[in-house]
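Which side-chain contacts hold the interest here, and how are the strands arranged? Look at the structure first, then read on.

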Amino acid sequence: DGDVRIRVMGLTTFTNLRHPGKKYVAKMKMAQMKKRLAKKVRTVRQEDPNALLVVSIHWGPENRTRPTGEQRKIAHGLIDAGADVIMGHHTHVVHPMEVYKGGLIMYSLGNLLFDQPSTLQREAALATVDFQKTSHADGTRWTLGQVSLHPFYREEKSKAPTPASPARAKSLLQRVKKLSTKMYGTMFKMEDGRLTWELSRP
């Protein structure tokens, strides 16, 4: 059929507020993710093998321009377990991105709405992700086809982000492109004020 099912799992590694006795958010320590979260992802994938599975994680040290080795190991384990997209946030700055075994890992897309002062903290990115549907004997599969990264920036006196100026866009995109290639071998290209990655065809 033509339906697209998207399953989303979300959790955080910490919370700023404390409300004893109230479990209002899914929380898990980084050390627990390698086994517990991967197990949950594997279960969801077995229950719904044809869905797109997105895992959203609030994680990572603040104000670093790249993820930790532990984050990368966890992300790879979640893709191996069946996740299609890892969507990370919390660090307040934009991180490089990685395509791993056909899965997309966005370690952090920066601050879209947060009134922090530094240039790096006022940068943000929106990502558009296209998947392609392929049919197999045991059902439908979704293959990552294209990823586009669109740069945004919040000016000092503004409360809302807007598309980044050409100069700011170039600076942000070049940094993400360089780190994505150097650290992960994921090759993006710059075109029309954005970064794109596209599945290679034979």
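A polar contact is a pair of N or O atoms within 3.5 Å; within protein, one must be able to donate a hydrogen and the other to accept it. The model is predicted.

**Glu98**

| Side chain | Partner side chain | Polar contact |
|---|---|---|
| Glu98 | Arg72 | 2.8 Å |
| Glu98 | Tyr107 | 2.7 Å |

Is Glu98 buried or exposed? Its relative accessible area is 2%. Buried means under 20%, so Glu98 counts as buried. Beyond its neighbours within four places in sequence, Glu98 is in contact with Arg72, His76, Gly103, Leu104, Ile105, Tyr107, Tyr184 and Thr186.

Where does Glu98 sit in the fold? Glu98 belongs to strand S4, residues 97-100. S4 is part of an open sheet of five strands, ordered S1-S2-S3-S5-S4, with mixed pairing. S4 is an edge strand, as is S1 (6-12); each pairs on one side only. On average, neighbouring strands of this sheet are turned by 15° against each other, direction ignored.

Strands of a sheet pair through backbone hydrogen bonds, either parallel or antiparallel. How do S3 and S5 run? Strand S3 (residues 85-89) and strand S5 (residues 103-106) are parallel, and three bridges join them. Met87 stands opposite Met106 in S5.

Methods:
Residues are numbered from 1 along each chain as its sequence is written. This is a predicted model: local features need pLDDT of at least 70, side-chain atom pairs count only at pLDDT 80 or more; totals for chains, interfaces and linings use all residues. Side-chain values use heavy atoms; hydrogens and water are left out. Helices (H or I, at least four residues) and strands (E, at least two) are DSSP runs, numbered from the N terminus. Buried means under 20% relative accessible area, exposed over 50%, partly exposed in between (1.4 Å probe, protein chains only). Contact means heavy atoms within 4.5 Å. Two strands pair if DSSP finds at least two bridges between them. Axes are lines fitted to C-alpha atoms, for helices over the stretch in contact, and angles run from 0 to 180 degrees between N-to-C directions.
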